[in-house]
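Colleague: Please show me how to read this model, one feature at a time.

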Amino acid sequence: MNNTRLCQAVLLSTSLVSAAATQAGTTDTENTDTYTLNTVVVTATRSEQSENLTPAMITIIDSQQIERSNASNLADLLRTSGMVQVRDTLGDGNRVSVSMRGFGQNTANNVLILVDGRRLNNPTLTSPALNSVPVEEIERIEILHGSAGSLYGDQAVGGVINIITKTSTEARGSIQFSTGSDDTYSLQANLSQQFNNGIGVSLSGKHAASDGYRDNNDSEFDTYTGELSYQYETGELFLEKQKIQDDLQLPGALSDSLLDEDRRQSNKTDFSNGTTDVVRLGIDQLLTDNISLLAEYSERDSHYYGYLGGNFNNDTDVKSFTPRISGEWDVDHGALFLTAGLDQTQSNYKNSWGSKYRQNLQAYYLQTIVPLQKDLNLTLGARHSKVEDTNRVSDETNRDNATVKEIGLAWQVTPQQRLFIRRDENFRFANLDEHGFTLPSVNFLKPQEGTSWELGWQQQQSDLTIAVSLYHLKLKNELLYDAAIANTDSWNGYGANINLDESRRQGIILELTNDLTEKLKTGVTYTYTDAELTSGSFDGNKVPFVAEHTLNLFADYQFTGNWSLFIDGQYTGSRYQDDDNTNAQHKVPEQFILNTAVNYRRDNWFASLKINNLSNETYDGYTIYSSWSGSNHYPAPERNLKLSLGYRF
């Protein structure tokens with residue numbers, strides 16, 4: 001096998017690691033004790049706590065990395081973290097799924113995506129709409145690795161990604177225009193003001209359009225968001241409204257021969273147009289000196305129509321109510337933390353074929369962090385969830401429930417070093433699409449259940465941070481689409497959503513970041529993922545479209561007061577084509593994609609030139625195999641440019 005791309009990635013990362021080790025060696029003896037691990041995160045406990053207390057590995061993409069990467073969309077940002085594998089059917093971030101912990105075609109329902117704690121996942125097989133969150137409005141991203149079933153419940157199996165947006169609690173404003181390859185352009189503006197009387201107002205809008213890399217690949221996207229908040233002595237009230245218009249032409253897949261002929265071509269006239277309205281309101285209230293209440297209600301109403309081999313018209317609405325209480329008390333060895341809450345969600349889905357489904361999900365959960373010793377904390381958690389699925393046409397109803405538990409230890413060995421171990425149980429209820437296409441003998445699918453073990457270590461010396469995590473995830477009744485199973489109800493006699501008896505994932509994550517100098521920050525992330533089907537028709541086979549090896553690296557260099565350079569490289573090892581559960585077809589080749597951004601800031605002005613796919617690689621954003629059509633390729637763009645100019649006030 002040709003390992004040229006892997007060698008390139010390893011050589012680049014090795015140079016960064018060597019430089020980091022040299023830098024650390026020269027500074028270890030200077031003032032090591034001044035550097036401690038004390039990052040404040042939200043996702044691990046659903047309230048602001050020090051990362052040291054939580055038995056979990058958390059990766060943070062901060063505001064500086066977001067700005068200097070000049071990423072066009074959220075998918076690009078997540079790629080730079082090195083913690084996810086991305087499936088991109090359009091190559092522009094408009095239709096993507098992110099995978100953590102080795103999930104393939106079912107990853108959209110096994111990785112939980114949050115925006116300020118609000119679920120972005122759908123009650124169907126449709127992936128979360130990552131393009132609904134403009135990059136310019138993101139403050140930071142927290143990636144919680146691994147299962148989080150007791151704290152977040154349904155779909156929090158491979159990990160949780162929490163996108164935290166900018167708030168109206170500060171005075172800020174900006175306007176930005178971008179243009180680039182394939183007649184791509186965007187205009188974005190935001191304005192935020194906090195008044196002395198406690199009222200805060202935030203307004204933002206973005207319009208983006210592109211001809212796309214391929215034929216029949218035009219896109220037009222608009223989003224407008226308004227937020228009103230009121231801060232008072234003991235809390236805050238907030239109300240947010242967002243409207244999204246998302247119009248896409250869908251170029252479809254190419255066969256091997258068509259790909260060789262012209263990777264930009266399309267023989268489709270498919271398209272998808274949609275609108276989404278989101279309303280979110282809530283209260284953050286200090287009840288006593290030790291206890292606070294955060295309650296939020298949200299509605300998301302989506303309507304999509306278009307043509308995809310035939311006309312379609314789908315409506316989805318999701319209503320959620322998520323109150324929770326958080327408390328903190330001083331005890332003998334530190335602080336005791338308690339979080340208790342209710343998650344209640346009602347989803348309705350109607351499709352073009354007249355099917356109407358409703359899903360009601362209700363859950364109660366509790367998590368506590370108990371200080372056993374000064375530097376040793378025990379985490380305990382539990383959740384009970386119940387679901388009711390109703391086919392509103394046939395009036396059939398299915399009820400299921402799941403109870404999961406969590407236990408973990410976090411040990412602060414020294415101010416610069418910590419260890420953790422965690423066992424977390426997880427689950428996933430079948431979504432409305434999956435229940436609609438099963439074997440004739442199956443009316444409703446069973447809930448997916450799993451157990452995750454994780455062991456981690458983190459150390460910071462001077463400006464060098466190293467984190468290592470080992471994990472093992474075992475699933476029972478994994479929900480999966482089996483394209484090869486005989487099904488008399490299917491149009492071609494095959495295919496159905498099924499429950500596998502067992503499957504498992506295990507692997508390792510290694511993350512290193514280092515401030516080599518005051519001007520140069522570097523990072524390397526390596527992941528090894530062993531994802532295997534351990535039962536059913538494909539016992540012993542690898543999970544398709546999951547690479548065993550990924551390696552990501554970045555360098556952020558401020559070479560003058562005004563100019564900076566950001567470089568990121570992403571290596572993805574070879575993997576089987578999606579839906580190739582037999583592992584019999586040729587693999588998707590390995591790839592190494594290098595991107596760079598040159599940034600300029602002067603007073604309130606800022607500009608950036610971004611070059612994606614610097615070495616002009618030809619590769620697929622996604623490849624799926626079909627027994628009747630062969631390999632289906634969704635080509636990713638070759639080298640492309642983006643130029644941005646903006647002003648902050």
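Modeller: Start with burial: a residue is buried under 20% relative accessible area, exposed over 50%, and partly exposed in between (1.4 Å probe, protein chains only). This is a predicted model, in which local features need pLDDT of at least 70, side-chain atom pairs count only at pLDDT 80 or more, and totals for chains, interfaces and linings use all residues. Numbering runs from 1 along each chain as its sequence is written, and side-chain values use heavy atoms, with hydrogens and water left out.

Colleague: What share of the 649 residues is buried?

Modeller: Buried residues account for 55% of the protein chain. The C-alpha trace spans about 70 × 50 × 50 Å along its principal axes.

Colleague: How many helices and strands does the protein chain have?

Modeller: Six helices and 36 strands. Both are DSSP runs, numbered from the N terminus: helices are H or I with at least four residues, strands are E with at least two. Strands of a sheet pair through backbone hydrogen bonds, either parallel or antiparallel. Here, two strands pair if DSSP finds at least two bridges between them.

Colleague: What order do the strands take in the open sheet of five?

Modeller: The order is 3-8-9-6-7, and the pairing is mixed. Strand 3 (58–61) and strand 7 are the edges; each has a single partner strand, so one side of each lacks a neighbour in the sheet. Further in, strand 6 runs parallel to strand 9 (residues 159–165), with five bridges joining them. In that pair, L112 faces V160 in strand 9.

Colleague: Which way do strand 21 and strand 22 run, parallel or antiparallel?

Modeller: Antiparallel: 16 bridges join strand 21 (residues 376–391) to strand 22 (residues 396–414). Strand 22 also pairs with strand 23 (residues 417–428), again antiparallel, over eight bridges. Strands 22 and 23 form a hairpin with two residues between them. On one side, L380 stands opposite I407. In strand 23, the bridge partner of I407 is R423.

Colleague: Now the charges. How many salt bridges does the count come to?

Modeller: Side chains of opposite charge can pair when their charged atoms come close. The rule is a side-chain nitrogen of Lys or Arg within 4 Å of a carboxyl oxygen of Asp or Glu. That gives 31 salt bridges. Take K206 and E136, which meet at 3.4 Å, N to O. K206 is in strand 12 (residues 199–210), E136 in the loop between strand 7 (118–119) and strand 8 (138–145), so the pair links distant parts of the chain, 70 residues apart. Both residues are buried.

Colleague: Which residue meets E137 in a salt bridge?

Modeller: R172, at 3.9 Å, N to O. R172 lies in strand 10 (residues 172–180) and E137 in the loop between strand 7 and strand 8, with 35 residues separating the two. R172 is buried at 12% relative accessible area, and E137 is buried at 10%.

Colleague: And D277 with K243: how far apart are the closest N and O atoms?

Modeller: They are 3.1 Å apart.

Colleague: Are D277 and K243 buried or exposed, or where do they fall in between?

Modeller: D277 counts as partly exposed, at 22% relative accessibility. K243 is partly exposed too, at 40%. Salt bridges can also join up: R504, D530, E532, K542 and E548 are linked in a network.

Colleague: Which residues lie nearest the centre of the second largest cavity?

Modeller: R119, N121, V318, S320 and T345, out of 32 lining residues. Among the elements giving two or more residues to this lining are strand 6 (111–115), strand 17 (311–321), strand 19 (334–350) and strand 20 (356–373). Strand 16 gives the largest share, four residues. The cavity holds about 440 Å³ of space. Its lining divides into ten nonpolar, 13 polar and nine charged residues. Ala, Val, Leu, Ile, Met, Phe, Trp, Tyr, Cys and Pro count as nonpolar, Asp, Glu, Lys and Arg as charged, and the others, Gly among them, as polar.

Conventions: 1 Å grid on protein atoms, 1.4 Å probe; cavity = no way out; pocket = protein on both sides within 12 Å on 5 of 7 lines; lining within 4 Å. Points joined across faces, edges and corners; volume = space filled by probe spheres on them.
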